[in-house]
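Here are a few friendly notes to read with the model open beside you.

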Amino acid sequence: MTPRRLTSGITSGITSGITSAITPAIASSIATALLMSVLVSASLPAAPAFAADRAITAAPDATARPTIGLALGSGGANGLAHIAILQVFDDLGIVPDRIAGTSIGAVIGGLYAAGLSAEEIHDIFDDVAGSPLDAVSGLAESDLKLRQLLPFRREEAGLLDSRGFLRFLASHTEVRAFEGLRIPLEIVATDYWTGDSVILDEGPLFPAIGASMAVPGLFVPVSHGEQLLIDGGTSNPLPFDLFDGEVDLVIAVDVSGSQPRDEGEEIGLTDMLFQSFKITQKAIIRQSLRYRPPDLYLRPETQGVRLLHFHRLDEILRQTAPAAKVLRERLEGWRAPPTGTAPPS
């Protein structure tokens with residue numbers, strides 16, 4: 001039976017049922033209207049049982065804060081400034097939704113993503129107390145001797161072996177893999193053979209951190225399949241671009257530092273190498289900022305701090321205070337009840 005005949009038959013049946021009460025013409029009109037209502041309803045998809053709940057869930061929440069991506073840059077000891085930045089998040093009870101880190105940013109960002117608070121990370125570096133080269137030469141005073149954490153490796157493509165230092169970091173958390181982190185984390189390293197950035201976001205955590213901090217000539221490179229990974233600062237020292245289209249607000253912390261001119265100071269070989277490394281990083285960062293700047297760009301002014309001046313922790317944190325204040329003011333403007341879990345106290 002064709003649809004037209006089906007409609008006619010149904011209409012006749014409905015009409016015959018109601019003609020006893022009203023005139024045939026009216027009955028026919030009513031029957032046709034009823035039939036159209038039935039057909040239209042049948043053509044619509046059935047509403048799910050949870051439609052009301054979905055509507056409530058999808059309704060905009062006036063108290064929800066925007067999602068935040070936090071990029072922690074490369075910069076050696078200047079990167080201790082990241083601790084002051086993370087302290088602001090802890091103070092306000094706001095947890096970044098995503099973190100990306102390069103080199104020292106991967107070290108500190110990895111510990112924070114694993115659940116350590118800014119204060120706990122501060123205590124770790126306070127225990128270290130001296131730069132690797134100072135400790136190796138016996139110039140730093142500390143209960144924890146970095147000569148044990150960073151032994152010389154004369155036969156390989158790096159002066160120091162970072163594996164002891166990584167074991168020391170790992171001793172402060174039970175997390176061993178990216179999958180166990182409380183905050184999604186992306187770590188940036190560089191493939192020595194191609195020069196391309198390599199994003200590490202799954203599998204073992206601390207080998208990834210070691211790859212990201214493998215400063216060429218200083219730390220031994222890390223093998224990763226067919227890749228030989230070195231410091232991520234050689235390709236992407238401030239990886240805020242990883243958040244493009246992924247979060248509402250992007251915060252980038254540039255700790256590449258500055259090198260004031262000192263006419264009376266003799267420039268040594270290590271100074272020349274490290275400063276050349278920093279110049280390259282700054283050029284990459286400038287280009288990235290021109291292309292698509294983050295929503296908030298922070299550049300702590302840590303004066304006179306060299307790559308391995310980790311013994312100047314408190315001084316670096318004091319110099320970071322103005323940048324931390326700017327962050328606090330911006331976060332308070334964006335602030336709403338946090339969506340994540342506050343860091344441990």
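**Notes on the predicted model**

1. Let's begin with aspartate 231. Leaving out residues up to four places away in sequence, aspartate 231 touches Ser74, Thr102, Ser103, Thr190, Ala211, Ser212, Met213, Ala214, Val215, Pro216 and Phe277. Please keep in mind throughout that this is a predicted model.

2. Where does aspartate 231 sit? Its place is in strand S8, which covers residues 227-231. Aspartate 231 counts as buried because its relative accessibility is 0%, and the cut-off for buried is under 20%.

3. Serine 103 deserves a look next. You will find it in the loop between strand S2 (98-102) and helix H5 (104-113). With a relative accessible area of 5%, serine 103 is buried. Its contacts, not counting residues up to four places away in sequence, are Ser74, Ser212, Met213 and Asp231.

4. Now for the annotation. In the UniProt record, an unreviewed entry, "active site" covers Ser103 and Asp231. These positions span 129 residues in sequence, yet no two of their C-alpha atoms are more than 6.1 Å apart, so they gather at one spot.

5. Moving on to another site, arginine 312 lies in the loop between strand S10 (296-298) and helix H12 (313-334). Is arginine 312 buried or exposed? It is buried, because its relative accessible area is 17% and buried means under 20%.

6. What does the side chain of arginine 312 pair with? A polar contact of 2.7 Å links it to the side chain of glutamate 315. Setting aside neighbours within four places in sequence, arginine 312 is also in contact with Gln303, Gly304 and Val305.

7. Helix H12 brings us to a helix pair. The axes of H6 (residues 118-128) and H12 come within 10 Å and cross at roughly 140 degrees. The two helices are therefore oblique to each other, since angles over 145 degrees would count as roughly antiparallel.

8. Which residues make the contact between H6 and H12? From H6 come His122, Phe125 and Asp126, and they meet Leu313, Asp314 and Leu317 of H12. By type, the residues of this contact divide into three nonpolar, one polar and two charged.

Conventions: Residues numbered from 1 in each chain as written. Predicted model: local features only at pLDDT ≥ 70, side-chain atom pairs only at ≥ 80, totals over all residues. Heavy atoms only, no water. Helix = DSSP H or I, 4+ residues; strand = E, 2+ residues; numbered from the N terminus. Buried < 20%, exposed > 50% of the residue type's maximum accessible area, 1.4 Å probe, protein only. Polar contact = N/O pair within 3.5 Å; in protein donor to acceptor, adjacent residues only side chain to side chain. Contact = heavy atoms within 4.5 Å. UniProt positions renumbered as here; feature names shortened; annotations may be inferred. Axes fitted to C-alpha atoms, helices over the stretch in contact; angles between N-to-C directions. Parallel < 35°, antiparallel > 145°, perpendicular 65-115°, else oblique. Nonpolar A, V, L, I, M, F, W, Y, C, P; charged D, E, K, R; others polar.
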